Amino acid sequence: MARDERYDVLFEQVQIGPVTAKNRFYQVPHCNGGGYRDPSAVAAMRGSKAEGGWGVIFTEQCEMHHTSEITPYIELRLWEDKDIPQLAKMAGRMKEYGALAGIQLAYSGINGPNFYTKEVPLAPSALPIRTFTNDPVQARAMDKQDIRNLRRWFVNAVKRSRTAGFDLVCLYGAHGFGVFQHFLSRATNQRNDEYGGSLENRARFVREVVEDVRSTIGDTMGITLRLSLDEMIGDLGFANSEVRDFVEMHKDMPDLWDLAHGAWEDCSGPSRFKEEAHQKDLIRGIKELTSKPVVGVGRFTSPDLMVRQINSGLLDLIGCARPSIADPFLPKKVEEGRIEDIRECIGCNICITGDMTMSISRCTQNPTFMEEWRKGWHPERMQAKGVSQTVLVVGAGPAGLEAAHALARRGYDVALAEAGSEPGGRVALESKLPGLAAWGRVRDYRVYQLSQMGNVETYLKSQLSPQDVLEFGFDNVAIATGSRWRRDGVARQHVVPMPIDSGMAVYTPDDLMAGNVPVGNVVLYDDDHYYMGGVLAELLVQNGANVTLVTPSAFVSDWTNNTLEQATIHKHLAEMGVTIRLNRGVRQVGSDHVATDCAYTGQTEIMPATSVVLVTSRLATDDLWRALQARKSDWPDAGITSIKVIGDAQAPGPIAWATYAGHRYARELDMPDPGDALPFRREITRLEPD
Ligand code: ADP
Ligand code: SF4
């Protein structure tokens, strides 16, 4: 199919200094949890975006000198010539289909604790290091020689980047993470020499580096400057009005303005709190201050909205990180007139948790993310089916839907049976909770895709018994029957059921999601620590309850520190009037109260309550699986060769774990059993001689 002409503007070329982007789709730098530890995995991931049609593709942040690094987080490194080959591999993959390859050079200054190199951090002013973990490290203020050194280090890094084959070099000064912002902001630059004070002075360092770099690279590479639209700490910081003054004063300094926003949590806010294009007011008018192209982000997944950004004069290029993760083939799908095939990002920020936990990233919508090399999973192509022909998938939650879709793409005949009257499983329910509507895209994408395939039959209102499964007579069966929340308080504080008086009205998240929402004095006990407790507190308040959230953790919705939304959740709940009691567990539930205990001292406190909501842990709904296991001897007569349990029914986890499980099942069906071998490829450090 040809693309709709209203999207033509997205496919216009854009000049970025001496180089030309083939279209306006610009994959801004984004982390992936792999970085220097998994360079081939990162290269293949970027390569999938090249194939998917992006005009510009960037690396994640690359630590450009050993005097500034952000261990334990795993990004890229360009400290010596030895680092060039792995970066060259990435640049090569980025350029394979005509995209421009960009490298983001980061000198972390006041953000780099240097735990690995043990160097004393350098910053414009002597202040404590600013990290997620309040590290007990301070930076010393750079003197003039340090500044001359740093300028030279940038030049060296740019030379190495050119050798590695990059077309664009991004000077990182956004999110509070780059030294350029540290110089530009009065908060982190308290110098009283010619590098501090007036905006003109605070801008001196970036001017000097751009000049140095330009005289080094001539017209061989483009220079982009990545800034935050507002530091978000009031007038003391590099606020939006000063950003505008700075751009106006340096109209043509970089070849492109890459405008991110605030701290990382402001820029990459989840859909729960930030809508698509949420930066538009901060960016409006900046393009008029410069003749150079402007790129901005906003979790853009809608091509119509992208076109509006261009036609209304807000942006020249559409910056995407998460949308390019959820669908590396987004540009190609627009180009081919396949808009409904775009796998839209849901804004859950699971991808970011891979970086925050120094593991490797996952994506809820795209289970192949970071598995392109490790497992050879292509985001759009499946290998042909194996020897068997038919697969029955029981349960149409995220695991079952993903399995059915991926199996159908392999060419199997698939039957998808769902007990409920609509598909989606937990996603259908959770997307109705406050702020989580965009999560429904997990269901919508897959349900639409299945509707387009001739080899899948979906049966709703079909609760299957073990006998039903046997009578179906399919070659393979995937049991994706999900999970349910526990009602007995078992999670982390209580590994066996907690004492609960039968006189108390006790609710689980499943009850609330079924519309059974209590009012009155509700104590919500959160020993799950991800989003559910906070979201349900919000639902309860909306419904008129007086809510006290009790958690043994020091943070409300603790694990959302990894999705960059914990502080927003706390603020949101506090402003809604939720009473938040941290570092407290629940010792027992009485008929009219909850006895809480201090996580440190055990000191108890009685909280009167009319209802209790237990957000603790989940039990796999695996009765069907276990019953079929018990009837293994009946499988051959029924024509069944394999039955597997996947997703929450195997072990409850976040939605991304379920889509991954569904995808993996489909990929591995009829494949040789790897036995004890590692089921993915991995890179290990090459040993140097002693
Ligand atoms: P997951 O996250 O693993 O996909 P979900 O809980 O979201 O799990 O979805 C599981 C789905 O399985 C639910 O929609 C549920 O109605 C369905 N289901 C559970 N048991 C059966 C069964 N015996 N037959 C058909 N569908 C079932
Ligand atoms: Fe979007 Fe979530 Fe995927 Fe990240 S993990 S790209 S936020 S869908």
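Which atom of ligand 1 is 2.6 Å from an N or O atom in the side chain of Glu418? In this predicted model, the atom is an oxygen of ligand 1.

The model is predicted, with local features requiring pLDDT of at least 70 and side-chain atom pairs counting only at pLDDT 80 or more, whereas totals for chains, interfaces and linings use all residues. Residues are numbered from 1 along each chain as its sequence is written, chains are lettered from A and ligands numbered from 1 in the order in which they are written, and side-chain values use heavy atoms, with hydrogens and water left out.

**View 1. Surroundings of ligand 1.** There are 22 residues around ligand 1, and Ala399, Glu418, Arg426, Leu464 and Asp648 come nearest; a residue is near a molecule if one of its heavy atoms lies within 4 Å of it. Besides the Glu418 pair at 2.6 Å, a polar backbone atom of Leu464 is 3.0 Å from a nitrogen atom of ligand 1. An oxygen atom of ligand 1 lies 3.4 Å from a backbone N or O atom of Ala480.

View 2. Ligand 2 sits in the second largest cavity. A cavity is a set of points, on a 1 Å grid over the protein atoms alone, where a 1.4 Å probe fits but cannot get out; a molecule sits in a cavity if more than half of its atoms lie within 2 Å of its grid points. Of the 13 residues around ligand 2, Cys345, Cys348, Asn349, Cys351 and Cys363 come nearest. By class, this shell has 8 nonpolar, 4 polar and 1 charged residues, where Ala, Val, Leu, Ile, Met, Phe, Trp, Tyr, Cys and Pro count as nonpolar, Asp, Glu, Lys and Arg as charged, and the others, Gly among them, as polar. Helices α11 (322–326) and α13 (350–356) each supply at least two residues of the shell, and the largest share, 3 residues, comes from α11. Helices are DSSP runs (H or I, at least four residues), and strands likewise (E, at least two), numbered from the N terminus.

**View 3. Cysteines.** A search of the whole structure finds 0 disulfides, a disulfide being a pair of cysteine sulfur atoms within 2.5 Å. For Cys320, the nearest cysteine sulfur, that of Cys345, is 9.5 Å away. Cys320 is buried, with a relative accessible area of 1%, and Cys363 is buried at 10%; buried means under 20% relative accessible area (1.4 Å probe, protein chains only).

**View 4. Arg486.** Arg486 is placed in the loop between β18 (483–485) and β19 (505–507). Arg486 is buried, with a relative accessible area of 19%. The side chains of Arg486 and Asp488 are joined by a polar contact of 2.9 Å, that is, a pair of N or O atoms within 3.5 Å; within protein, one must be able to donate a hydrogen and the other to accept it, and residues adjacent in sequence count only if both atoms are side-chain atoms.

Key:
Buried means under 20% relative accessible area, exposed over 50%, partly exposed in between (1.4 Å probe, protein chains only). On a 1 Å grid over the protein atoms alone, a cavity is a set of points where a 1.4 Å probe fits but cannot get out, and a pocket is an open set with protein on both sides within 12 Å along at least five of seven lines; lining residues have an atom within 4 Å of a point.
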